[in-house]
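Here is a short report on one chain. It covers the sheet, the helices and the overall build.

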Amino acid sequence: MNFKMLLTRRFEFDSAHKLGKEFGKCHNLHGHRYVLEVTVSGEIINGIVIDISEIKKIVNELVIEKLDHNNINNVIDNPTAENIALWIWKQLIKKLNKLYEVKLYETPNNYVIYRGE
Ligand SMILES: [Zn+2]
């Protein structure tokens, strides 16, 4: 039998965003060092779940290159952590069919998790 396992790769990017007036101070343009953890799920075949370099290539191309050192408002409407995580999922699921979870830290204390539901 084959064993299933989760595998996570961590990324960081620096971006600016601003939210609507109802978000108080966050209405002003400000920056975060976002931490993104991308988890895939799959059977272990030849000792691995997935080639890590494949995750790195896909996430860099579809997410990091578009958001890092950018104003996220130029890419995503109302870029709350929730909406950014949804957008990241929609980008990655196109090329990463083993995608299991997107975890996005907006600060070390606040994060959201999306599993495609
Ligand atoms: Zn913010």
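Two strands pair if DSSP finds at least two bridges between them. Helices (H or I, at least four residues) and strands (E, at least two) are DSSP runs, numbered from the N terminus. The model is predicted: local features need pLDDT of at least 70, side-chain atom pairs count only at pLDDT 80 or more, and totals for chains, interfaces and linings use all residues. Residues are numbered from 1 along each chain as its sequence is written.

**Sheet**

The chain holds two helices and four strands. Along the sequence they follow the pattern β-β-α-α-β-β. The four strands form an open sheet in the order β1-β2-β3-β4, with antiparallel pairing. β1 and β4 are the edge strands, each pairing on one side only. From one strand to the next the twist averages 15°. β1 and β2 run antiparallel and are joined by 14 bridges. Leucine 7 stands opposite valine 40 in β2.

| β1 | 4-17 |
| β2 | 30-43 |
| β4 | 110-114 |

**Helices on the sheet**

Axes are lines fitted to C-alpha atoms, for helices over the stretch in contact, and angles run from 0 to 180 degrees between N-to-C directions. Two residues are in contact if their C-beta atoms, placed from the backbone, lie within 7 Å. α1 lies across β1 and β2 and runs at about 20° to β1.

**Helix pair**

α1 spans residues 52-67 and α2 residues 81-92. Their axes come within 10 Å and cross at roughly 130°. The two helices are therefore oblique to each other; angles under 35 degrees count as roughly parallel, over 145 as roughly antiparallel, 65 to 115 as roughly perpendicular and the rest as oblique. Ile58, Val59, Leu62 and Val63 in α1 meet Ile88, Gln91 and Leu92 in α2. By class, this contact has six nonpolar, one polar and no charged residues. Here Ala, Val, Leu, Ile, Met, Phe, Trp, Tyr, Cys and Pro count as nonpolar, Asp, Glu, Lys and Arg as charged, and the others, Gly among them, as polar.

**Whole chain**

The C-alpha trace spans about 55 × 25 × 25 Å along its principal axes. Among contacts between residues at least 6 apart in sequence, 62% join residues at least 24 apart.
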